[in-house]
Amino acid sequence: MIHRMPVVAITLRSLLDRRRFWLMLLLAAVPVAITLLGRVLGDVTFSQIVFDRLVIQTVLPLIALVFGTGALGAELEDGTIVYLLAKPGRRFRIVLAKAAVAAGLTIALVLPATLLTGLIVATDAPDIVVPTVAYALAAVAGGTAYALGFLTLSSITSRALSIGLGYVLLWEGVLAGLLPGTQTFSIRQATLGLADALQGVDGETLDAGTSVTVLVVVILGSLALGSWRMSRYQLRGGD
Amino acid sequence: MTTEAPSQAAAISVEHVSRWYGNVVAVNDVSFSVGPGVTGLLGPNGAGKTTLLHMIAGLLAPSAGEVRVEGRPAWRDSEMYRHVGLVPERETVYPFLTGREFAIANARQQGLADPGAAAERAIALVELGDAADRRVGTYSKGMRQRIKMAAALVHEPPVLILDEPFNGMDPRQRLHMFELLRRMAEQGRTVLLSSHILEEVERMAESVLVIYAGRLAAAGDFRSIRRLMTDRPHVFHVRSTDDRRLASELLRLDCVFGVELDAKGLTVRTADLGQLTRHLPRIAKDTGISLRELRPTDDSLESVFAYLVGR
């Protein structure tokens, strides 16, 4: 891979080479484990809540936060970014490669977790198939938006991890409940809105059009802002 | 190399460049140009060397003035990197890659037709073949410097910029690096390296840029700058098995113009550092005196540069 796509390979290796990947794998396994436990205990009715609360609201943003901020932020922090910047070619390609890895890894963990969760209860609750597919597709779109948003955040601040965590827990977790108006600026609400739309249900989340718009704006906006940041990135430090 | 109007033909030209961070001026109206050969950017820590090199390497925008490399503006022109190899000061290299993978990744990013062959060539050049398949995380400081060097050389750039390249290298590795850079210079490449160690630059560079407190303190061929530096008085502290006798022997030398004896040893003042260091071992040998300590008391680069700026 180093031969063909060095930035993708380096980013992938840096994210897979650390203990955090195993932690993320463990995190992705939580909804599966809980559903499995429910199945063993004979309760298959709570899958929707697992999808909603656990997969979309917790596991997805946390995994995307770790991979999104780690894909670029670590190199900006330790200075190894210079080996990518001091090369010919547009820096947009660096951001694109890193975004693909961050989103890809997030999806690689959350998508199987979502599908497995549905599969575990599918035999006893066949009506879970449609929600499973809907949540899986929404997780792909939402995971991409989260990962790219956090990646771009790491190009702006070295505190991306804590700011991102604050966004997920406070803005999306608390404020969206208190002030419904803020839901429009929530990747979580857009992801849930998309999942609802794909199932053909009318939930309390954003409507289909708004959901898709929010996700597309976040994804494209993140790419554009991240590329702009990196094209003007200046190396600090030294004397 | 000149400090006057930078010529268009120069590989690196720096024109009235300043860089400030808020109220702090890191580099202050510096102009020079650098052509083929090895040029040393000499200055104490905090003088502005890295800031200057980052601007030359296109990684930092000048607050004022312009930097051009091979005729292209350094800032925001990534095509410049086809002609430039950069060895940054920071030691960190992707610890999870092997040396070979790191070199290949760099070759690939340069868009070379055969990245594998280019990487092999560069690895051989820095003599790291035996360790090329080890992870960089297991490398010593010196080996890391060499793999950084290989990465900078994969595309055989005409301009090579090195920030403190000898940091962490043992004497043998230094010697090897000296030879390597000298070879680069003989091939007509432009090598600009920074160092805060006078002796390193002396061994390497034909021309020198002395930077102190963000200003260009001196520029020219090394001999003339060295003369300026050595002509100033040097003060040494010497301890031996027989300080009194050593003092009388030293006073016979033309190059020594003062010796003070106290309970801690001798304070020797010389106008010619080279001569003193040549004579001292001979005197010790002839008289059977053992030298216990020879320590410059005022040879910090800060004092040398302060002298240059103030002269």
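Trainee: At what angle do helix 8 and helix 9 of chain A cross, and how far apart are their axes?

Mentor: In this predicted model, helix 8 (residues 187–199) of chain A and helix 9 of chain A have axes that come within 8 Å and cross at roughly 135 degrees. That angle makes helix 8 of chain A oblique to helix 9 of chain A. The crossing of this pair is left-handed.

Trainee: How is helix 5 of chain A placed against helix 9 of chain A, and what is the hand of the crossing?

Mentor: Angle, axis distance and hand are read together. Helix 5 (residues 92–122) of chain A packs on helix 9 of chain A at an angle of about 130 degrees, the axes being 8 Å apart. The two helices are therefore oblique to each other. Their crossing is right-handed.

Trainee: Which residues of helix 5 and helix 9 of chain A meet?

Mentor: From helix 5 of chain A come Phe92(A), Ile94(A), Val95(A), Leu96(A) and Ala99(A). They meet Leu223(A), Gly226(A), Ser227(A) and Met230(A) of helix 9 of chain A. The residues of this contact are 7 nonpolar, 2 polar and no charged.

Trainee: Is helix 6 of chain A roughly parallel or oblique to helix 9 of chain A?

Mentor: The angle between the axes decides the matter. Helix 6 (residues 129–156) of chain A and helix 9 (residues 208–231) of chain A pack at about 25 degrees, with their axes 8 Å apart. Because angles under 35 degrees count as roughly parallel, helix 6 of chain A is roughly parallel to helix 9 of chain A. The crossing is left-handed.

Trainee: Which residues make the contact between helix 6 and helix 9 of chain A?

Mentor: On helix 6 of chain A, the contact involves Ala141(A), Gly142(A), Thr144(A), Ala145(A), Leu148(A), Gly149(A), Leu151(A), Thr152(A), Ser155(A) and Ile156(A). Helix 9 of chain A contributes Leu215(A), Val218(A), Ile219(A), Ser222(A), Leu223(A), Leu225(A), Gly226(A), Arg229(A) and Met230(A). Sorted by class, the contact has 11 nonpolar, 7 polar and 1 charged residues.

Trainee: What are the overall secondary structure and dimensions of chain A?

Mentor: One begins with the helices and strands, then turns to the dimensions. Chain A has 9 helices and 0 strands, giving the pattern α-α-α-α-α-α-α-α-α along the sequence. Its C-alpha trace spans about 65 × 35 × 30 Å along the principal axes. A compact globule of 239 residues would have a radius of gyration near 18 Å, and the 19 Å of chain A agrees with this. Of the residues of chain A, 50% count as buried. Where contacts join residues at least 6 apart in the sequence of chain A, 76% link residues at least 24 apart.

Trainee: How many helices and strands does chain B have?

Mentor: Chain B contains 10 helices and 14 strands. The C-alpha atoms of chain B fill a box of roughly 70 × 45 × 35 Å along the principal axes. Buried residues account for 45% of its 311 residues.

Trainee: How many residues does each chain give to the contact between chain A and chain B?

Mentor: An interface may be read side by side. Chain B supplies 35 residues and chain A supplies 22 residues. In chain B, helix 1 (49–56) and helix 2 (99–109) each supply at least two residues of the side that touches chain A. Helix 2 of chain B gives the most, with 6 residues. The side of chain B that touches chain A divides into 16 nonpolar, 12 polar and 7 charged residues.

Trainee: Why is helix 1 of chain B described as largely enclosed?

Mentor: Burial is judged residue by residue. In helix 1 of chain B, 8 of the 8 residues are buried, so the helix is largely enclosed by the rest of the structure. Among them are Lys49(B), His54(B) and Met55(B). After helix 1 of chain B comes Gly58(B), with a positive phi near 75 degrees.

Trainee: Is Ala105(B) buried or exposed?

Mentor: Ala105(B) lies in helix 2 of chain B. Ala105(B) is buried, because 27 other C-beta atoms are within 10 Å.

Definitions and conventions:
Residues numbered from 1 in each chain as written. Chains lettered and ligands numbered in written order. Predicted model: local features only at pLDDT ≥ 70, side-chain atom pairs only at ≥ 80, totals over all residues. Axes fitted to C-alpha atoms, helices over the stretch in contact; angles between N-to-C directions. Helix = DSSP H or I, 4+ residues; strand = E, 2+ residues; numbered from the N terminus. Parallel < 35°, antiparallel > 145°, perpendicular 65-115°, else oblique. Left-handed = near helix turned anticlockwise from the far one by under 90°. Contact = placed C-beta atoms within 7 Å. Nonpolar A, V, L, I, M, F, W, Y, C, P; charged D, E, K, R; others polar. Rg over C-alpha atoms; globule rule 2.2 N^0.38 Å. Buried ≥ 20, exposed ≤ 12 C-beta atoms within 10 Å, placed from the backbone.
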